[in-house]
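Here are some questions and answers for a first look at a protein model. Read each question, find the spot in the structure, then check the answer.

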Amino acid sequence: MEQASSTPQPVLRTGDVPERITAEGLVLRSWQPRDREARYRTVLDSFDHLHPWMEWAGEPPTEQQHAQRFEEALAWPSGRSYNFGIFDEGERTILGMAAVHDDLGDGAVEIGYWCHVDHVGRGGATRLAGALTRFLLGLDHLARVEIHCDEANVRSAAVARRLGYRLERVEEDGIQAPAESGRGMIWVKER
């Protein structure tokens with residue numbers, strides 16, 4: 001007798017997520033080899049801003065560590081994640097990064113994002129999360145989009161609130177980064 005897998009089945013199908021989305025003065029696109037150095041500078045510039053909230057930002061990455069992560073991010077998808085660079089309209093400046101994570105199952109995906117420290121507080125996170133949300137909820141086989149953030153991360157919670165997500169639950173999820181409370185908020189927007 002075969003046991004059921006504990007890993008939820010993917011919701012997204014091949015071709016569902018385009019490698020480029022243009023909306024609200026932003027370009028979200030898959031990473032290209034030419035982006036490697038600029039992406040590394042973006043992570044280093046924003047490290048002090050990211051460190052309190054991002055589990056992966058425990059220490060600034062070395063060039064070698066970044067190169068390895070960048071190679072993984074070039075894949076489309078990378079595992080069950082679709083990784084985007086967020087650029088200005090002319091694609092000259094990286095404004096941040098975003099991802100769609102397809103590991104929730106049950107008709108749901110999660111979006112994650114962060115902005116370059118020089119672009120925080122300018123509405124970019126709300127615009128990009130809104131663009132991704134609208135796009136994803138336009139897929140007929142997707143029932144909901146989620147944003148997960150720590151209860152102490154008031155900026156991320158404000159983005160979800162501004163976009164009309166509802167707080168479905170708060171759950172104990174442990175402290176993964178220095179500023180976290182260990183209480184994760186699950187924000188949901190449904191079709």
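Buried means under 20% relative accessible area. Keep that cut-off in mind, and note that this is a predicted model.

Q: Is Gly105 buried or exposed?
A: Gly105 lies in strand β4, residues 94-105. Its relative accessibility is 3%. The cut-off for burial is under 20%, so Gly105 counts as buried.

Q: How many Å apart in space are Gly105 and Pro8, C-alpha to C-alpha?
A: Gly105 touches Pro8, Gln9 and Val11, leaving aside residues up to four places away in sequence. Gly105 and Pro8 are 97 residues apart in sequence. In space, C-alpha to C-alpha, the separation is 4.6 Å.

Q: What is the relative accessible area of Ser46?
A: Ser46 sits in the loop between α1 (36-45) and α2 (47-50). Leaving aside residues up to four places away in sequence, Ser46 touches Trp114, Cys115, His116 and Val117. Ser46 is buried, and its relative accessible area is 0%.

Q: Which element gives the most to the largest nonpolar core?
A: This core has 34 residues. Tyr113 is among the members that touch the most other members. Several elements each supply at least two residues, including β3 (81-88), β5 (108-115) and α4 (124-137). With six residues, the element that gives the most is α4.

Q: How many residues are in the second, separate core?
A: Tyr113 touches Met54, Met97 and Ala98, among others. Met97 is included in the second core, along with Val27, Leu50 and Phe70. The size of that core is 11 residues.

Q: Which residue forms a salt bridge with Glu91?
A: Side chains of opposite charge can pair when their charged atoms come close. Here the closest N and O atoms are 2.5 Å apart. Glu91 lies in the loop between β3 and β4 and its partner in strand β2, so the pair ties together parts that are 62 residues apart in sequence.

Q: In which strand is Arg183, the salt-bridge partner of Glu172?
A: The side chains of Glu172 and Arg183 meet at 3.0 Å, N to O. Glu172 is exposed, at 60%, whereas Arg183 is partly exposed, at 30%.

Q: How many salt bridges does the structure hold?
A: One of them joins Arg169 and Glu171, with the closest N and O atoms 3.0 Å apart. Both residues belong to a network of salt bridges that share partners. The total for the structure is 13.

Key. Residues are numbered from 1 along each chain as its sequence is written. This is a predicted model: local features need pLDDT of at least 70, side-chain atom pairs count only at pLDDT 80 or more; totals for chains, interfaces and linings use all residues. Side-chain values use heavy atoms; hydrogens and water are left out. Helices (H or I, at least four residues) and strands (E, at least two) are DSSP runs, numbered from the N terminus. Buried means under 20% relative accessible area, exposed over 50%, partly exposed in between (1.4 Å probe, protein chains only). Contact means heavy atoms within 4.5 Å. A nonpolar core is a set of buried Ala, Val, Leu, Ile, Met, Phe, Trp, Tyr and Cys residues joined through side-chain atoms within 4.5 Å. A salt bridge is a side-chain nitrogen of Lys or Arg within 4 Å of a carboxyl oxygen of Asp or Glu.
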